[in-house]
Amino acid sequence: MTATSEFALELKDLRKSFGRSEIIRGANLQVAHGERVAIIGPNGAGKSTLFNLISGRFAPTSGDVVLNGQRINGLPPYEINRRGLSRSFQITNIFPKLSVFENLRCGVLWSLGYKYTFLRFLSGLHDANARAEELMRMIHLDKKRDVLATNLTYAEQRALEIGITIAGGANVILLDEPTAGMSRSETKRFISLIREVTVGKTLLTVEHDMGVVFGLADKIAVVVYGEVIAFDTPEAVRANQRVQEAYLGSVVADNQAGGH
Ligand SMILES: Nc1ncnc2c1ncn2[C@@H]1O[C@H](COP(=O)(O)OP(=O)(O)O)[C@@H](O)[C@H]1O
Ligand SMILES: [Mg+2]
């Protein structure tokens, strides 16, 4: 078969152990091109570890990660990035002493790989500048062009991080808890920003806020104890008895108890 894969991303019986404890225990998932998937599950279930396996930070103990029909397990992160997958981190990875524009341009240049002769680098610089300006408008930070990242608000820093994540034009984007630490209204605005900048792309996001999850995702993957126990539409997941018992029930109880 020469046709490109039906799926943007597939996990096949993926496993990962740290020492003697198996953290990912045979995870399976098939994400179609352009689908928006929210990954939910209790703390410590292995959501970030799954992202680390997909993005190449860790190699799986066994099983496969397949990106656009090609196995990528064991490849280094920059190689996976070049194949069109980009992730942001729970810890903001922007340069605080660089301006918004400079941060974005770094993101663009980094995604070009720097494997350039000096002359090609110079001509590439013009394109990189134009791309950085475009990204700045996409994340609504064009009015903060020359502001140092350290002087942005928290929500603006997270937006900048999204800009850097999409700088290279990856078509599969992983965001680990992008709205962590934001207020309700910041979260709402941020989710619509994520929607805007990922139009036509495949998105996997780890998210705790159920309102956000149900608003953003085409599908929800429920991860419990290192396995994907359900993968379906938000409505079907909400109605799923096993999910209720394993996870959603306790979230609803927490929310009703006034927890947040
Ligand atoms: N590098 C590591 N070494 C050892 N244990 C790890 C490592 N990374 C994660 N873990 C363990 O794996 C489990 C799942 O962690 P994580 O993937 O961060 O969960 P989640 O993101 O769902 O909250 C936790 O028990 C955590 O302590
Ligand atoms: Mg996590």
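Modeller: A strand here is a DSSP run of E, at least two residues long, and strands are numbered from the N terminus. Asp-13 lies in such a run, strand 1. Please keep in mind that this is a predicted model.

Colleague: Thanks! Why is Asp-13 called partly exposed?

Modeller: Buried needs under 20% relative accessible area and exposed needs over 50%. Asp-13 has 37% relative accessibility, so Asp-13 counts as partly exposed.

Colleague: And what makes the phi of Asp-13 worth a remark?

Modeller: The phi of Asp-13 is near 45°, a positive value in a residue other than glycine. Tyr-225 also has a positive phi, near 50°. Tyr-225 sits in the loop between strand 9 and strand 10.

Colleague: Why is Tyr-225 called exposed?

Modeller: The cut-off for exposed is over 50%. Tyr-225 has 57% relative accessibility, so the label exposed applies.

Colleague: Back to strand 1: what makes strand 1 and strand 4 a pair?

Modeller: Pairing asks for at least two bridges found by DSSP. Strand 1 (residues 7–18) and strand 4 (residues 62–67) have five bridges, in the antiparallel sense.

Colleague: Now strand 3. How do you know which strands pair with strand 3?

Modeller: By the bridges again, with at least two needed. Four bridges join strand 3 to strand 8 (residues 202–206), running parallel, and four join strand 3 to strand 9 (residues 219–224), also parallel. Val-37 shows both neighbours: its bridge partner in strand 8 is Leu-204, while in strand 9 Val-37 stands opposite Lys-219.

Colleague: Why is strand 3 called mostly covered?

Modeller: Five of the five residues in strand 3 (36–40) are buried, each with under 20% relative accessible area. In a regular strand the side chains alternate between the two faces of the sheet. Here Arg-36, Ala-38 and Ile-40 are on one side, Val-37 and Ile-39 on the other, and all are buried.

Colleague: Why is helix 5 said to be largely enclosed?

Modeller: Twelve of its 13 residues are buried, so helix 5 is largely enclosed by the rest of the structure. Among the buried ones are Glu-156, Arg-158, Leu-160 and Ile-164. From first C-alpha to last, helix 5 (residues 154–166) reaches 19 Å, close to the 18 Å expected.

Colleague: Finally, how do you know that Lys-47 makes a polar contact with ligand 1?

Modeller: The limit for a pair of N or O atoms is within 3.5 Å. An N or O atom in the Lys-47 side chain is 2.8 Å from an oxygen atom of ligand 1. The backbone of Gly-46 comes to 2.9 Å of an oxygen atom of the ligand, and that of Ala-45 to 3.2 Å. The protein covers 58% of the 570 Å² of accessible area that ligand 1 has on its own.

Colleague: Which element gives the largest share of the shell around ligand 1?

Modeller: Helix 1 (residues 47–55), with three residues. By class, the shell has five nonpolar, five polar and one charged residues.

Conventions:
Residues numbered from 1 in each chain as written. Chains lettered and ligands numbered in written order. Predicted model: local features only at pLDDT ≥ 70, side-chain atom pairs only at ≥ 80, totals over all residues. Heavy atoms only, no water. Buried < 20%, exposed > 50% of the residue type's maximum accessible area, 1.4 Å probe, protein only. Polar contact = N/O pair within 3.5 Å; in protein donor to acceptor, adjacent residues only side chain to side chain. Areas by Shrake-Rupley, 256 points an atom, 1.4 Å probe, with all protein chains shown as cover. Nonpolar A, V, L, I, M, F, W, Y, C, P; charged D, E, K, R; others polar. Expected span 1.5 Å × (residues − 1).
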